[in-house]
Amino acid sequence: MAELIAAANLTKHYPTSRTTRQMLRGERPVVRAVDGIDLVIQRGESVGLVGESGSGKTTVGRLLLKLTEASGGTLNFDGAAVSGLSGDSLRRFRQQAQLVFQNPFDSVNPRFTIRRAVAEPLINTGVPRAERDGRIAEAMRLVHLGDFHRYADKHPSELSGGQLQRVVLARALVGRPSFLVADEPVSMLDVSVRAGILNLMRELRDRLGLTALYISHDLTLVRYVCERTLVMYLGRIVEDGPTSEVISRPAHPYTQALIKAVPRPRTDQSREDLPISGGLANAVSPPSGCRLRDRCPYAFARCAQEVPALLEVAPGHRAACHLTSPANAAAA
Amino acid sequence: MTTALLSVSDLAVTYRTQAGLVAAVDGVNLEVPAGAMLGLVGESGCGKTTLARALMGVLPGNARVSRGRIVLDGTDLQALSAAKRRALLWRDISFVPQSSMNSLDPVYRMRTQMREVLCGRGDLSRGAADTRAADLFQAVGLNPVRLNDFPHQFSGGMRQRAAIALALALHPKLVIADEPVTALDVIVQRQVLDMLRRLGEDMNLTAIFVTHDIAVVAYLCTVTAVMYAGRIVEYGPTADVLARPAHPYTMGLMNAFPDLEGPTQDLAPIEGSPPDLHTPPTGCRFAARCPFVQPVCTTTYPAPTDVAPDHWAACHRVGEAETLRAQATEAATWQS
Amino acid sequence: MDGGSTIVLPAKRRGLRTALRRYFADPYAVVGCVIYVVFIVLGILAGWLAQYDPTEILFTDDGQLAASLPPSAAHWLGTTNLGRDIFSQLVMGIRPSLFVGITAAVGVSALGTAVGVLAGYFGGVVDTLLMRLTDVVLGLPFLPFVIVLAALLGPSLQNVVFSVVILLWPNAARIIRAQLLTLMQRQFIEAARVTGASHSRIILVHILPNILPLSLLYGSISVGWAILTQASVSFLGFGDQDTISWGFMLQDAYASQALSQAQYNWFVPPGLCIVFVVAAGFFLSRGYENLIFPKLKQ
């Protein structure tokens, strides 16, 4: 397999508004939304990116799609530096990398018909008019809106959430992209509809060999679509491994808590207390060293002094925790 | 079963819209036993929020209760005057909204908002109110020092805790919570759920949780009511309803619901969408999406039928529930 | 017809029809529109309707100056103290008033929309610069500035329009920028970016149609302001003395002490005309509110 996406030390700091005092002192406080992550996505891989709100997961998605410029680090897409894309090369990139949004009701221009909305990428990338209808029909078939003449001339307000999310998927696929970012694509949908979209994403993964980044706060959903999962906490990746491994043998205390916290649809489930307490720390002035340390029951001196590196705990499974790092494992 | 604290019979709520009358709630029968945590589960548009608002008597201007009775602890609420009904709010029935950001007033300190409820509605003295407020904050897991803070100084989870403290302030007989943990992150959500579970045990709380999340109900609620297109289609002890669902809609929901454990085979979505309530179908409202539909289902609405003690479902084929359940687990069953 | 246009046309036509239906659902908008149509028609026909040259000094058959005549069949609204026909002045005054109102409206909404959209869309330095400029202009005192400008550039109608546009665009720009910021949060704008749409395309295709009602709203409000300003400037005597406008008529009447001589036929008609046209501008804007905030009606 070849690398499609390779990011090294990717960073995004958002400036926050300054107080007069900070301005006079020349301080420039920033929100460390993404704080130095390394990330490689192989061609054809479906990767889940899991984290709570404020973890920076959405910013990662926006960085990978060049919807926001990185503050530091490098990011390559298909061997080329994303920061250097402009003009024609940017247009080609836009055709290759697509995004599926959280809220289907908001992500289609309300003034457009469905046909017009799905045609948008084709118009923007200069696909000749004669080819468009065929391409649209093909994309609509892929998302199981085959009898698309039923929908073609309707407006978004006339469709249900599930149908509309399929339209959004069709719009993303119509330009035959190689990379898809899906940011919470089912969180606005009802349970009964959600399953259909998840199945569709699995099917598209298998049929089209799409490379995908599936961003979600919900490990349960990622599990149905992605073979590999990354867990983010306060701008950093804390765990990375095969999804089943991450769920069955989480190595990082944060991942352990995350998995324990998910309620199950059964009455016989563990209700014991979570190992970590409190809520997310402030991303403007996060704790030194390991960012989980003030919530972590296992924290010790080293956690405050040193940022734990993302190290292998099992083949293909890495975690950023001093407890699991080889040095400590050897000492213990 | 213990005596019901709240009993709703044949309740209907009608909205006046430009396209005509819509019965968002249409013939709901529901019992909430004292001390029970009832999970009211349903998808968007099923009428669960309307039902909750009708129970509190705070329907929007274009909606009204068109028939049925709501009896709380022996009092027929529909027979009360509007003023008397309002007086019950917060004392007898209190409310926890989904977004406490909107329900807490941003310009007042939490202490002031607590006093407002405790002194204004509950006739406590200021000193007594402050003591009670501190106790309540402690009970929901907040440091009483934070009573001096403004709502915006709280995180989302803390705000939700504060809203719950406010709802519990006057020892209400019934607490209605509309998606109280939906907006929270998994870990904070779990912390709030644990807090609620403890409160339920310690205070013998009677509560209705309106939610779309079966897992939240499974974690917290003792009784479950499943709502579909304005009606309750299944009702019973949570363990029983989730393990042995008797209504095809409940079966479908269970199969469509993703789990963190077990095999990752295809989930089974329920095809189609809920009926348009401007012109509700005669017969069972789930018939158009039900894989087990029979001719009778499209002509007659099925009567609620007992399947186990305190567990009923409104389905014509309730007798075959066991067989249907087995078929329902196959994804192929649900493909139209 | 090719594929592309068959797709777009039906939707647009339908959109326009529903937009018009919603627009005219407001009775005020209908009244405003009727007033405009009446004045525009009168303005076009003014050349015929005016029996006299409005600046011509008239004499009676017996060679007397036809000064301060009461309304009659010959002079429907009577004459001024210099023997000019008031009705002819009134209908000829429609043209400069409408010219000022409409060109100023177009100018204000165009400039305001451009600045608001650029500031809101590009943000950052562009936004800061444009918005601070807006603040500065908003701080200028309105009428004194117009008068100074008229004194500097000469008292022509064009200069009145120019100064009105220069002074009124910031209101429109600020509101449109605010609207744009909410629009930029909508995911379909982001979606357009992801699908490779250029900045100009996003602005023209996705943003402007959603901003347009608001621009038109500010345009119709500006009509009233511009006409009032032109009338004020003329009334204060800084206007173009060669152009007969309603403001000029009022100033003329005032200077000639028409009020103390109870020549209501002289100053009431131009005053009423100004009130009608200005009010019609605000009435028209009510219809746009229905388009922008349809839920307010329910």
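A salt bridge here is a side-chain nitrogen of Lys or Arg within 4 Å of a carboxyl oxygen of Asp or Glu. By that rule, a search of the whole structure finds 45 salt bridges over all chains. The model is a predicted one, in which local features need pLDDT of at least 70 and side-chain atom pairs count only at pLDDT 80 or more, while totals for chains, interfaces and linings use all residues. Residues are numbered from 1 along each chain as its sequence is written, chains are lettered from A and ligands numbered from 1 in the order in which they are written, and side-chain values use heavy atoms, with hydrogens and water left out.

**First stop: chains A and B**

Select both chains: 41 residues of chain A are in contact (heavy atoms within 4.5 Å) with 40 residues of chain B. Between chain A and chain B, 4 salt bridges are counted. For one to look at, pick A:R264 and B:E261, whose side chains meet in a salt bridge at 2.1 Å, N to O. Now colour α7 (191-208), α8 (219-225) and α10 (253-261) of chain A, each of which supplies at least two residues of the side that touches chain B; helices are DSSP runs of H or I, at least four residues, numbered from the N terminus, and strands are runs of E, at least two. The largest share of that side, 9 residues, comes from α7(A).

**Second stop: across to chain C**

Next, select C:R186 and A:D106, which form a salt bridge at 2.2 Å, N to O. C:R186 sits in the loop between α6 (157-185) and α7 (187-194) of chain C, and A:D106 in the loop between β6 (97-100) and α4 (114-124) of chain A. Which of the two is buried, and which partly exposed? Buried means under 20% relative accessible area, exposed over 50%, and partly exposed in between (1.4 Å probe, protein chains only). C:R186 is partly exposed at 28%, whereas A:D106 is buried at 14%.

Move to B:R244 and B:D240, a salt bridge at 2.5 Å, N to O. B:R244 is partly exposed at 44%, and B:D240 is buried at 10%. Then select B:D10, B:D26, B:R67, B:R231 and B:R285, which are linked in a network of salt bridges.

**Last stop: the cysteines**

How many disulfides (cysteine sulfur atoms within 2.5 Å) does the structure hold over all chains? There are 0. Show A:C296, which is in no disulfide: the nearest cysteine sulfur, that of A:C321, is 6.3 Å away. A:C296 is buried, at 17% relative accessibility.

Conventions. A disulfide is a pair of cysteine sulfur atoms within 2.5 Å.
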